[in-house]
Each structure stands twice: as C-alpha cells, then as structure tokens.
Amino acid sequence: MNTRPPLPPFTEETAIQKVRAAENAWNLRNPEAVSLAYTTDTRWRNRDVFVNGRDEVVGFLTQKWERELDYRLIKELWAYTGNRIAVRFVYECHDAGGQWFRSHGNENWEFDEFGLMRVRRASINDQSINESDRLFHWDAPGPRPDDHPGLTELGL
C-alpha cells in the first residue's frame with residue numbers, strides 16, 4: 001500500500017505539513033496527481049456536489065479548473081486531532097467572462113492510516129471582486145512561494 005506522509009495521528013507540525021502539501025498540489029491544477037492523495041473510495045461533499053472515488057475526483061477537478069481560470073489557493077490549518085484536520089481556505093479565480101471571485105471556505109478532512117484522505121467535506125462561499133482587489137499574486141499554475149503572505153497575514 002502506498003503511503004502519503006505525514007501520517008496520523010497528527011501533531012501541529014505534521015498537520016501544517018499536510019495542509020501545505022494539499023495547497024501546493026491543488027495549485028498545480030493536475031487532477032490526476034491531486035487524486036492520488038485520496039483513498040480509492042474517498043467520499044467528498046463540495047458545496048452541493050457529492051463525489052465518490054478517485055475517478056469522480058478527477059472528473060470534478062477537471063471541470064472545476066476548466067471554469068475557474070487563473071485559480072490560486074491558500075489554505076491554513078484551523079484544528080487537528082488524531083486522524084482529522086480542519087482547514088480554512090480562500091481561493092481567487094475568474095470565469096470565462098473575466099469576472100473575478102474570491103471564494104472563502106472550510107474543509108473537514110479524515111485520513112486513513114496510510115495518510116490518504118478518505119473524507120473531505122467543504123463549505124464554500126463566493127464573493128465577486130474586481131481584478132484590482134486580488135490579493136494572490138504568484139506565477140500559476142504552481143505552488144504559493146514561501147514568502148507570499150498567508151491568510152492571516154492578508155487579513156482574511
């Protein structure tokens with residue numbers, strides 16, 4: 001069985017590592033690669049969409065990044081215990097018409113003993129913004145640079 005360190009039970013340090021690894025992977029916008037962080041039978045709730053299994057994860061993320069253009073994401077650890085992590089996140093993107101959005105959300109994650117996420121529950125709210133109000137500026141697709149401010153530093 002493949003493992004995806006860090007493994008539960010999480011410490012603050014390993015939970016932060018897990019959150020940053022997820023952020024970095026999503027910012028690369030490669031659905032197949034992202035799906036490998038999840039169990040083969042993973043279960044998601046993303047807003048009002050329910051996803052079951054890696055194949056559906058790939059389909060969901062492919063569609064997401066086809067409509068959410070110039071996507072940039074920042075995640076921050078909120079809480080952790082045992083094999084669970086709670087995350088808050090914000091991402092910015094625009095649609096095909098050029099309208100920019102800042103989406104604010106919370107996720108609850110549950111991992112198996114191999115460090116693969118078996119459950120992901122996401123609640124997300126979208127806010128229309130002007131392009132001049134964007135806060136996330138780095139070359140994309142790609143991970144957020146270490147010197148780019150996080151959510152707390154940006155006042156989000």
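Buried means under 20% relative accessible area, exposed means over 50%, and partly exposed lies in between (1.4 Å probe, protein chains only). This is a predicted model, in which local features need pLDDT of at least 70 and side-chain atom pairs count only at pLDDT 80 or more, while totals for chains, interfaces and linings use all residues. Residues are numbered from 1 along each chain as its sequence is written, and side-chain values use heavy atoms, with hydrogens and water left out.

**View A. Arg20 pairs with Asp146.**
A salt bridge is a side-chain nitrogen of Lys or Arg within 4 Å of a carboxyl oxygen of Asp or Glu. The closest N and O atoms of Arg20 and Asp146 are 3.6 Å apart. Arg20 sits in helix H1 (residues 12–28) and Asp146 in the segment after strand S6 (117–129), so this contact ties together parts that are 126 residues apart in sequence. Helices (H or I, at least four residues) and strands (E, at least two) are DSSP runs, numbered from the N terminus. Arg20 is partly exposed, at 22% relative accessible area. Asp146 is exposed, at 74%.

**View B. Glu23 pairs with Arg144.**
The closest N and O atoms of Glu23 and Arg144 are 2.7 Å apart. Glu23 is buried, with a relative accessible area of 0%. Arg144 is buried as well, at 9%. Look at this view together with View A. Salt bridges link Arg20, Glu23, Arg144 and Asp146 in a network. A search of the whole structure finds 11 salt bridges.

**View C. Glu92 meets Arg102 in a salt bridge.**
The N-to-O distance between the Glu92 and Arg102 side chains is 2.9 Å. Glu92 is part of strand S4 (residues 84–94) and Arg102 is part of strand S5 (residues 100–111), so the pair ties together parts that are 10 residues apart in sequence. Glu92 is buried, at 1% relative accessibility. Arg102 is buried too, at 7%.

**View D. A cis peptide bond runs from Pro8 to Pro9.**
Omega is near 0° for the bond between Pro8 and Pro9. Most peptide bonds are trans. Pro9 lies in the segment before H1.

**View E. A cis peptide bond joins Ala140 and Pro141.**
Omega between Ala140 and Pro141 is about 0°. Pro141 is placed in the segment after S6.

**View F. Arg47 has a positive phi.**
Phi of Arg47 is about 60°, although the residue is not a glycine. Most residues other than glycine have a negative phi. Arg47 is found in the loop between strand S1 (38–46) and strand S2 (49–52). Its relative accessible area is 28%, so Arg47 is partly exposed.

**View G. Asp70 has a positive phi.**
Asp70 is a residue other than glycine, and its phi is near 55°. Asp70 is located in strand S3 (residues 69–81). At 34% relative accessibility, Asp70 is partly exposed.
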